[in-house]
Amino acid sequence: MIELLQGGAYLLNGTEIVPDGAEANAAIKAKTGKEVTKEVAAQSTMAYGILKSHNTSDNMDKLKIRFDKLTSHDITFVGIIQTARASGLQKFPMPYVLTNCHNSLCAVGGTINEDDHMFGLTCAKKYGGVYVPPHQAVIHQFAREMMAGGGKMILGSDSHTRYGALGTMAMGEGGPELVKQLLNQTYDINMPGVVGVYLKGAPVKGVGPQDVALAIIGAVFKNGFVKNKVMEFVGPGVANLSADFRIGIDVMTTETTCLSSIWKTDDEIKEFYEVHGRAEEYAELNPGEVAYYDGMIVVDLDKVRPMIAMPFHPSNTYTIEELNANLLDILDETEKRALVSLDGAVEYSLRDKVKNGKFMVDQGIIAGCAGGGFENICAAADILKGSYIGADGFTLSVYPASMPVYMELIRNGCAATIMETGAVMKTAFCGPCFGAGDTPANNAFSIRHSTRNFPNREGSKLQSGQIASVALMDARSIAATAANKGVLTPATEFDGDLGKYKYHFDSNIYANRVFDSKGVADSSVDIQFGPNIKDWPAMCELPENMILRVVSEIHDPVTTTDELIPSGETSSYRSNPLGLAEFTLSRKDPNYVGYAKQIRSAQEAVMAGQCPAEACPDLNIAAVCDVIKKTFPEIGKDNLGFGSTIFAVKPGDGSAREQAASCQKVLGGWANIANEYATKRYRSNLINWGMLPFLIEEGELPFKNLDYLFIPGIKAAVENKTEVIKAYVVGEDSMQEFDLRLGELTDEERQIILKGCLINYNRV
């Protein structure tokens with residue numbers, strides 16, 4: 001169902017693929033009568049055109065992008081605005097929407113969450129933004145309904161910022177990148193590669209957008225086929241998909257580690273804009289007559305079948321039919337993967353879910369930016385109609401993605417159909433996606449039409465001995481499973497009819513509740529703070545020379561941002577940098593925080609003009625410095641800094657949350673050392689918080705946890721763009737040399753690191 005064409009490929013008239021090679025030019029000329037170079041054809045992609053129109057530099061290889069609009073939710077916008085305020089923010093220079101869909105429940109931490117919301121409302125008034133109250137819409141549904149536009153670009157502080165199906169190139173990044181836009185700076189990247197996603201055929205009944213998305217993710221994640229590239233959806237199969245179906249595939253492209261996405265548009269998308277009262281925002285997008293792609297993914301929609309992504313990653317994919325036919329083998333394979341993901345911290349078994357040869361599920365969730373769309377829920381209602389989920393342990397919760405969607409489900413009867421089965425309808429909320437809602441029982445297995453199934457995304461706590469599992473599935477197969485009282489069932493086994501429901505958007509729901517400044521700032525408004533909203537602590541410039549202590553060593557193939565800073569219950573502390581930092585790596589390495597604080601105290605002593613060896617007698621700093629001075633006698637308290645680093649093989653998969661980096665920074669982190677960074681956004685977060693994104697060659701490490709590393713001349717190395725940086729492991733009597741690299745850094749990124757963080761770089 002998925003074919004990857006290695007190497008580049010040309011697309012002729014949006015329909016015919018010509019693989020790159022010696023015969024390509026002759027074939028193109030024979031079919032079009034034209035000769036075209038690869039370089040020119042690459043400029044005929046939709047992605048190139050949109051990037052060019054938003055690039056403020058005169059160099060299309062080195063882009064400096066200004067976005068049209070920004071969007072954030074309530075566990076990111078406080079930190080973003082606080083950072084921008086520290087740098088002199090007076091007014092939002094572009095439309096900026098603040099949604100409240102992550103801490104909506106206000107159930108953890110006393111008044112903390114609602115304080116954040118009131119901070120957002122008063123900032124929207126003061127700086128000229130848009131404020132969407134809790135329970136009205138999840139961030140991405142509001143953006144689709146009210147912000148997207150053909151040929152436009154949107155930057156969001158959430159990794160699933162994807163509106164390509166509507167002709168909008170959108171990117172999810174850490175908060176500092178939004179700060180740059182608020183301060184009239186640019187998003188600086190090299191021109192990304194563009195990979196074509198060629199769709200043909202049409203989905204069979206019972207197959208939904210999550211099935212197609214999981215099939216693609218399973219084919220491209222592990223091999224990095226689209227990493228940091230733009231996915232461009234083309235081909236005749238696009239016309240066979242509704243707008244909602246396209247949106248459901250598009251939002252999941254984040255899980256491929258691509259940079260962004262864009263789709264060709266047609267009357268289906270035109271109607272979407274018309275239905276939402278924004279017909280003027282539609283633009284027809286198509287690749288040029290001859291377009292060149294850096295790779296091609298061919299998706300035969302006819303052959304896609306209901307999929308399941310087993311714990312603990314969206315790329316662990318199987319067809320449900322395959323899983324049911326090979327239950328014990330696949331469950332055994334999943335349990336072995338879990339040993340890596342969970343570090344053996346808890347006893348974990350899936351085979352006890354097999355009853356009489358059937359796999360039994362404990363919970364179903366249809367929610368959020370991926371599952372909560374109108375068509376998904378209508379299809380689920382049709383499959384559930386006349387069935388009952390029963391009075392046993394199985395539960396089903398459905399979260400429409402916005403209040404307008406919810407209202408239409410009430411009006412057309414689908415909400416009543418779902419509730420009649422024993423399922424529960426809830427308001428727009430992202431919680432089930434990150435472990436803040438519908439937390440299952442210990443050892444329970446949850447199937448969810450949401451975006452991620454990383455460890456702890458369902459809300460379990462390894463440190464308390466609690467574990468549950470999440471598998472990703474489409475709403476249709478979740479409904480079929482619910483109708484079968486928890487027996488894992490693909491929706492292709494449903495023999496009834498799936499209706500085609502007309503959607504009517506009620507704009508009054510937003511008009512009567514959403515605060516929209518229309519871009520007018522009111523400087524007289526006082527920002528409403530709460531006791532948990534704290535300023536960022538002071539951070540110093542990069543020292544001339546540096547002693548790092550390795551305070552965590554992670555050898556998992558991939559380390560997610562959820563493992564770097566857990567989601568769920570920590571969300572209430574996202575506005576309190578030091579409070580949140582206490583949770584850093586808490587589920588992966590509970591000793592990290594204590595070790596990081598120890599070495600941070602040495603740097604605090606330096607900043608206070610004290611002797612770090614005297615201030616921190618337990619750290620053996622004097623002995624470390626004595627060994628260093630044998631080779632570098634010029635080293636002293638006036639030219640030396642102290643901090644921590646972690647090693648991880650491939651850190652940063654998943655969320656865009658800047659806190660994965662900032663929490664390390666406020667605990668004294670100066671660097672990460674990795675073989676590779678999983679995403680651009682995590683590496684950018686490190687840089688924007690003044691941390692060095694070191695790279696080290698794969699192989700046996702020259703250091704181990706709690707070792708001291710010495711990096712002489714690090715400031716000069718950053719200033720002079722030194723490619724290979726000499727570092728040393730400090731032993732009892734001598735030092736062992738090894739090499740580090742920083743990879744490509746823009747001049748601005750180097751200055752941010754030198755200043756110590758983006759706040760210092762912009763401070764007025």
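**Terms at work in this model**

Guide: Strand β30 (residues 669-674) is mostly covered, with six of its six residues buried. Before going on, please note that this is a predicted model, in which local features need pLDDT of at least 70 and side-chain atom pairs count only at pLDDT 80 or more, while totals for chains, interfaces and linings use all residues. Residues are numbered from 1 along each chain as its sequence is written, and side-chain values use heavy atoms, leaving out hydrogens and water.

Visitor: What makes β30 a strand, and its residues buried?
Guide: Strands are DSSP runs (E, at least two residues) and helices likewise (H or I, at least four), numbered from the N terminus. Buried means under 20% relative accessible area, exposed over 50%, and partly exposed in between, with a 1.4 Å probe and protein chains only. In β30, six of six residues count as buried.

Visitor: Why is helix α26 called largely enclosed?
Guide: Nine of the nine residues of α26 (residues 680-688) are buried, so the rest of the structure largely encloses this helix. Among them are Lys680, Arg681 and Arg683, along with Leu686 and Ile687. Just after α26, Gly690 has a positive phi of about 75°.

Visitor: How do you know which strands pair with β30?
Guide: Two strands pair if DSSP finds at least two bridges between them. Strand β28 (residues 640-648) and β30 run parallel and share five bridges, with Asn672 in β30 as the bridge partner of Ile646. On strand β31 (residues 692-695), four bridges join it to β30, again in the parallel sense, and Asn672 has Pro693 of β31 as its bridge partner.

Visitor: How do you know whether the radius of gyration agrees with a compact globule?
Guide: The radius is taken over C-alpha atoms, and the globule rule is 2.2 Å times the number of residues to the power 0.38. With 764 residues, a compact globule would come near 27 Å, and the protein has 26 Å, which agrees. The C-alpha trace spans about 80 × 65 × 60 Å along its principal axes. Of the 764 residues, 64% count as buried.
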